[in-house]
Amino acid sequence: TQHLWDAIGDVVISARLAMDWIQKASSTLAKANQPMIWTTPAGFIIHQSRHKIKTKRVRTQLGGDLSLQIGEFTDELDPRKQSAGGPPNYVHGQDGSHLQMTVVRMPEDQALAMVHDSYGTYACDTDILDRAIREAFVDLYDGWDPLASLRDELQVRSGVELPETPPQGDFDVKEVLDSPYFFA
């Protein structure tokens, strides 16, 4: 896992910086016992609150020695779990918004199959789907700083000051419209 994590940092530098920032923001909020609550571009509200668990160990004689651990959620958030869940949950929210925006672009009679963040259609219709995916992606990200938006909303909802976001790069997202390799 550590080798993969290091490779992501070397190859996809901006993505790693974004993941690190979301982890730090999640942890900062958790230490203030504030959940991460944000709205996706499609309008879906995400509420992430991973609480600490207080455990009790119970020993019994049931066909021999048996030791059970019983967990009970506390009111306190777990900074480690919040930090681990922040980046994937944020990305899943973005992917879900992209999926919704793609579906809206498709003709009404178009056959679509979707699993998580994978799309499918009949082979004869892949060009239509390919274009819809690209256009939805551009509409989603063109002229918008997702991390700055997330930071602003998290701060307003929680009242907690969060670290500055990493600088946004200069990639022109419209280039995906003509890229030969964009989405698998």
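Let me start with one residue. Phe-182 is partly exposed, because its relative accessible area is 23%. Here buried means under 20% relative accessible area, exposed means over 50%, and partly exposed is in between, with a 1.4 Å probe and protein chains only.

A word on the source. This is a predicted model, where local features need pLDDT of at least 70, side-chain atom pairs count only at pLDDT 80 or more, and totals for chains, interfaces and linings use all residues. Residues are numbered from 1 along each chain as its sequence is written, and side-chain values use heavy atoms, with hydrogens and water left out.

Back to the rings. Rings of Phe, Tyr and Trp (its six-membered ring) pair if their centres lie within 6.5 Å; planes under 30 degrees apart are stacked, over 60 edge-to-face, the rest tilted. How many aromatic pairs does this rule give? The count is four. Take Phe-137 and Phe-182: their ring centres are 4.9 Å apart and their planes stand at 70°, so this pair is edge-to-face. Phe-137 sits in helix H4 (residues 126-141), Phe-182 in the segment after H5, and 45 residues separate them. Helices (H or I, at least four residues) and strands (E, at least two) are DSSP runs, numbered from the N terminus. Phe-137 is also partly exposed, at 23% relative accessibility. Ring pairs join Phe-137, Tyr-141, Trp-144 and Phe-182 into a cluster.

Next, the cores. A nonpolar core is a set of buried Ala, Val, Leu, Ile, Met, Phe, Trp, Tyr and Cys residues joined through side-chain atoms within 4.5 Å. The largest has 14 residues, and Ile-22, Trp-38, Leu-150 and Leu-154 touch the most other members. Helix H2 (13-31), strand E1 (36-39) and helix H5 (146-158) each give two or more residues to this core. Which element gives the most? H2 does, with five residues. Apart from this core lies another, of six residues, including Leu-99 and Tyr-119.

Now helix H3, residues 79-105. Its 27 residues reach 39 Å from first C-alpha to last, close to the 39 Å expected at 1.5 Å a residue; the expected span is 1.5 Å times one less than the number of residues. Where does H3 bend? At Gly-86, by about 35°, and Pro-87 follows within four residues. That bend is the angle between axes fitted to the seven residues ending there and the seven starting there.

Last, Ser-97, in helix H3. Ser-97 is buried, because its relative accessible area is 1%. Leaving out residues up to four places away in sequence, Ser-97 touches Thr-40, Pro-41, Ala-42 and Leu-140, where contact means heavy atoms within 4.5 Å.
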